[in-house]
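The structure is shown first for reference.

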Amino acid sequence: MTTLERLTQLATDRFGPAASDMPANADLFEHLGIDSLQALDLLTDLEDAFDVEIPDYEVQGVHTLEGLAALIEARL
Amino acid sequence: MSALPGLVRADVGSQDSLGALLDDALVMHKSSVALIEASRHREASRWTYLEVRRAASRVARALQDAGIGADDRVAICMSNQPFWLIVATACFVRGAVVVPLDFKLTAPEQQALLRHSGARLLVTEYGLYRRASDPWGVEVWVSEAPEGAEGVRRLEDLPDGPEPTRVSRARTDLATVVYSSGTGGTPKGCMLSHGAYLSQLDALLSVFPMAPGDRYFSILPTNHAIDFMCGFVGAFVCGATVVHQRTLRPEMLRATLQRYAITHMAVVPLVLEAFARTLDERLDALPDWKRVALDTVIRANAAATARGPRHGVSKRLLKPIHDAFGGELRLIFCGGAPTDRRLAERFYELGIPVVIGYGLTEACTVATVNRLTPFRADSVGCAVDGVEVRIAEPDASGVGQVLVRGPTLMDGYLDAPELTAETLIDGWLQTGDLGWLDASDHLHLVGRAKNMIVTPGGKNVYPEDIEALLSDIPVGALVIYASSYLFPGEGLEYGELIAVVQPEDDAPTWQAALTQRNRRLPDFKRLSGVLVWDEEWPLTASMKVKRGVLADRIRTAHTRADVRALEAR
C-alpha cells in the first residue's frame, strides 16, 4: 500500500466515506468540510500510523492528501 | 522588589539587565529542574538549572567567538523548546539583542523581518530552516539538524570551552526587538529595554509569584510576550520548571497537564474554549442526578472562593474536574486576544482561576491585569504597578482611546520614526483600543480605534493586507474592516473580519467567488461576514476608498446585525 493509499484510508476512518474517493490534489478542507483543528486530529492519526512526529507548523498551508503524503515520505 | 516571605527567587530589583538576572537565577536554583520537553509518548529532554547554565555558557562562548557582543542582534525562530530559552539566555549574557521571530510565519515573512531587524545571526530549527527556498542571508545555527548538514552550524555540536565573557548592560540598553505585527505594511519592531522587562517582571511577580516546584506549561510561542515573560524569564527567576510541548492539539495538552501535574499555564482564548468544550462533553454525559449533585458542589466552591482562590478547597470539592487538568493547575493566564468573560467565570467556579489582563507588545507584556482577590472577569483589570492608564478624550459615556504610560513601554519602533511619533506621544502609548475606566480604575475594552483585529489565537491582522488576496473577486469595490472597528461596542469579537462590497450588476457570481476564496484563506484571515454597500463610496483624489468616511456612513446606516454571515467551511 502506498503512502497515499494509507493516508486516504486514515482520512476515511476519521472523516467517513467522503474521503475515500477524494482526489489526491483536492482541497481537504473544502472536500471534507473540516476545520483546522480537525485536520490536526488527522495529523495525530498519521503520526501514529507512520511512526513519525510532524510539527503543527509543517502542515500550515498543506491542503491536500498529496501534500500530506509528501510531508510524511520526507520523514520516513 | 522585596521578596515575599518563604519565597526564594533571584532579586529583580538589584539587577540592571536580563543577562545578569538570568545568570543569577541559574546559579541560585542550580539543582532544580529548569526545563522539560514533553513529546507525545515520552519525555524528550530534562535539564536542571545547572545544565541550562552550562548549555547557555557554551552558546555564549560560541557567540563570543563569532564576534557577537553588546547590541548585536540575534534572531531566534524556534517552536516551544529548551534551546529557545538557552540561546536567549546566552544572548543576554553576551549583551546581545534578541529578535524573537514567530515560527508560524512563512519563511519569506520571517526573512523579511530578519532583514529588517539587522540581525547578524539566526538561530532556528532544522525543520524551519529547510522551509526557505531563498537563502537566509545571515549565518544560521540550528537545532536538530542531521550530522553533516550543509550551510548550518549545529547547536548540539557547540564545544565546551572557557567561560564566556559576561557583558554588562544598563537598564536603558536594548534587550529585544519584538515584532508586533507579522506581515504587510511597515514592520513594527518594538524596541524593548532591559529596564522595561525588569519593571514588568517586578510588577507581575508581586501579584502572581511562582516558586521552585511549580511547573509552568509553555505552549504559547515564546516570541509571544506572555510566554517570554511567564514561561522564560519569570519562571527562571522563581526557580520554577518550564514544560515545553510543540503542539496546540488539545488532546496532547491535556495528557501533559496530567503527566507533569502542571501548576501554571498561559493560553489564548482559542485553547481555553477547546478545554471548555471537552469539559462540557464530559459533564453532558453525566446522568441527571450526578449533574445536580455536581452543581451543588460547584455552588459550594463558589461560596468558598468568593474572596479569592483556595486551590486546596476547590481541588477537594471538585476532584474529578481538577484531575482532568492534572490536579495541580492553579492558574491560567489568558491573553493575546479578548477573553469571553463567561468562560473565565466558568473556570473560576470550578476552582481554576483564569487571569485576564490587557497588554500589547509595545508595553512589554501587560498593562492591566485582574487580581484574584476577589476574582473579576468583567474587565481587563487595573494597571500593574508603575504603569498609568488613562482614557483620551472620553465621550459622554466615558469611552475613548486607551493610553498607557510607564517604564514598561518600548523605546519606539525600529527604523520607523514616523510610526513611533504617532504611537508614543508625550510618553503615552496610543494603544488604538477603545475603553473606559470604572470607579475602581478597572479598564473595560469596547472596541478598537484602529482598523485591525486580534484573533482568538493572538495574531494581529490588518484587514488591508487581506484585501490584496481578494483583488480578483468580481465586485466594483471591496474593503475589509474589523467588526470591532466598524461597530464598536457591539461585542468584543476582535477576531471578526467583515467585507464591505460594492456589487457590479454584470457579475452576480461575486458571492460564490468570495465564499470559495474565503475558504482558502488561512484561519486567521478568514472573513466572518459581508455587507453590501449600495450607496456612494467616498473616494480620494487617487480613487482610493476613504475607509474612515465609509466606516462612518456604514455605522449610521447599519448595525452588526445587518452583516450577512459568510460560509467559512
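The points below take up the model's basis, a helix pair, the chain contact and a strand.

1. This is a predicted model, in which local features need pLDDT of at least 70 and side-chain atom pairs count only at pLDDT 80 or more, while totals for chains, interfaces and linings use all residues. Residues are numbered from 1 along each chain as its sequence is written, and chains are lettered from A and ligands numbered from 1 in the order in which they are written.

2. In chain A, the axes of helix H1 (residues 3-15) and helix H4 (residues 65-73) come within 9 Å and cross at roughly 120°. Axes are lines fitted to C-alpha atoms, for helices over the stretch in contact, with angles from 0 to 180 degrees between N-to-C directions; helices (H or I, at least four residues) and strands (E, at least two) are DSSP runs, numbered from the N terminus. H1(A) and H4(A) are therefore oblique to each other (under 35 degrees is roughly parallel, over 145 roughly antiparallel, 65 to 115 roughly perpendicular, the rest oblique).

3. Thr3(A), Leu4(A), Leu7(A), Thr8(A) and Ala11(A) of H1(A) meet residues of H4(A), including Leu65(A) and Ile72(A).

4. Between the chains, 13 residues of chain B are in contact with 13 residues of chain A (contact: C-beta atoms, placed from the backbone, within 7 Å).

5. Five bridges join strand E1 (residues 33-38) of chain B to strand E2 (residues 43-48) of chain B, and the two run antiparallel (strands pair if DSSP finds at least two bridges between them). Val33(B) stands opposite Thr48(B) in E2(B). Three bridges join E1(B) to strand E11 (residues 241-244) of chain B, in parallel, where Ile36(B) has Val243(B) as its bridge partner.

Definitions and conventions. Two residues are in contact if their C-beta atoms, placed from the backbone, lie within 7 Å.
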